[in-house]
Amino acid sequence: MSSQISEFQPVLLDLGAPRRPVSAAIDWRGGLLLRSTNWLGDCLMTLPAAWQLRQLLPASARLHVLAPAFLAPLWSACPWVDGVISMAGKRISAAEIAQVKALKLGVGVIFPNSFGSAMDLWQCSLPLRVGRSGRLRSLLLTHAQREWPRGENVGTCHQLSYYLELVSAFGPVRLDSACPRLEVKPGVAESLGVSGSGWLALAPGAAYGPAKQWPMESFRELAAWHHGRGGRVLLVGTGKEAAVAAAVAEAAPGAINLAGKTSLAELMAVLAATDAVVANDSGAMHLAAALGTPGVGIFGSTDPVGTGPLGAPWQLVLASVPCRPCFRRECPLCSPEERYCCLRSITPAEVIGTLATVLAGRDA
């Protein structure tokens, strides 16, 4: 039997003073460069910390973001970001370094915990560079904060806490997840056939692996239920998820399957145009919440306390089985009866009931 967390509220901890606070007398020059994280869900969970970092900047300093190309539209949808430098490859190129240097920025902040991300900003010759230690990264930083504590506080606080802690090197931060909503271009959703009301978006995939994916048959029942009540169904996801999305779409005649057919900017537009979203613990869940669209999140192997959606109110459904959260990509249990028991124990009836509550709250 599954249990439901009604309207997820992030638990944010005060993790203490920064190891090396930045002096108030900062030579900002033209402003600050923020090195984005590399995954959609992770990136969306950093937005409230990036927003507070923006507020700590003096009025004359501008905030620029260095991000992988596929995430550039996300940062461009943040009205408080002054500029985005898109990286065509995994690492910053000579041409992109030249772009950064032309901005004459004085400060860099590295959100990811990889050596390469710190190297990206070191190559830009930024005089002040703030990030986390570990993996020899301290050699590339001027203000190395404590290493990301892997496994610490699991089930205790949201991942956002650690990004707020990093930002606190520049000044006091608030323990909240407030952030302006992402802005989408008008007319994009309509051009993809998503207009009017009554739309339910379903995201049956998850890039992390099958231990995050609620069974396709359960998504089919959900799609059929919404179609039966006169609603319209939209499927979203990556190209790798197109087949499962097509199978779910068959349960709701007239459904639109956009899996693998949208850019990130187009995906943002259609998620913003829907009444609600049902998704696994995935980038689509985090993106919908950041756009202000409510929904239902289904958690299998992962920890909702640490990675729940930030933004719009979301209901989370998770199984009360003793082996979760295991954080595995695939279920390690061997017998057919036990394999993926966390996901299979969450029934369509439970999710439908939770979704009905979300839709009723939106209509109230």
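Modeller: Gln-159 sits in the loop between β7 and α5 (160-167); helices (H or I, at least four residues) and strands (E, at least two) are DSSP runs, numbered from the N terminus. This is a predicted model, in which local features need pLDDT of at least 70 and side-chain atom pairs count only at pLDDT 80 or more, while totals for chains, interfaces and linings use all residues. Residues are numbered from 1 along each chain as its sequence is written, and side-chain values use heavy atoms, with hydrogens and water left out.

Gln-159 has a relative accessible area of 17%, so this residue counts as buried (under 20% relative accessible area; exposed is over 50%, and partly exposed is in between, with a 1.4 Å probe and protein chains only). Leaving aside neighbours within four places in sequence, Gln-159 is in contact with Asp-42, Met-45, Trp-148, Gly-306 and Thr-307; contact means heavy atoms within 4.5 Å.

The helix α5 comes next. Of its residues, 8 of the 8 are buried, so α5 is largely enclosed by the rest of the structure. They are Leu-160, Ser-161, Tyr-162, Tyr-163, Leu-164, Glu-165, Leu-166 and Val-167. These buried residues pack against α1 (40-56), β5 (107-110), β6 and β7.

Past the helix, Pro-172 belongs to the loop between α5 and α6 (188-191). Pro-172 counts as exposed because its relative accessibility is 75%. The C-alpha atoms of Pro-172 and Gln-52 are separated by 9.3 Å, although the two are 120 residues apart along the chain.

Now the cysteines. A disulfide is a covalent bond between the sulfur atoms of two cysteines. The criterion used here is a pair of cysteine sulfur atoms within 2.5 Å, and a search of the whole structure finds 0 disulfides. Cys-157 is buried, at 4% relative accessible area. The cysteine sulfur closest to that of Cys-157 belongs to Cys-179 and is 19 Å away, too far for a bond. Cys-179 is partly exposed, with a relative accessible area of 26%. For the sulfur of Cys-179, the closest cysteine sulfur is in Cys-78, at 6.2 Å, which is also too far for a bond.

Lys-104, in the loop between α3 (94-103) and β5, is not a glycine but has a positive phi of about 55°. Its relative accessible area is 61%, so Lys-104 is exposed. Arg-135 lies in the loop between β6 and β7, and its phi is near 55°, a positive value in a residue other than glycine. Arg-135 is exposed as well, at 55% relative accessible area.

Leu-139 is found in the loop between β6 (128-132) and β7 (143-145) and is exposed, at 67% relative accessible area.

As for the whole chain, its secondary structure comes to 13 helices and 13 strands. Of the 364 residues, 56% count as buried. Residues 24 or more positions apart account for 66% of the contacts with a separation of 6 or more. Along its principal axes the C-alpha trace spans about 60 × 45 × 40 Å.
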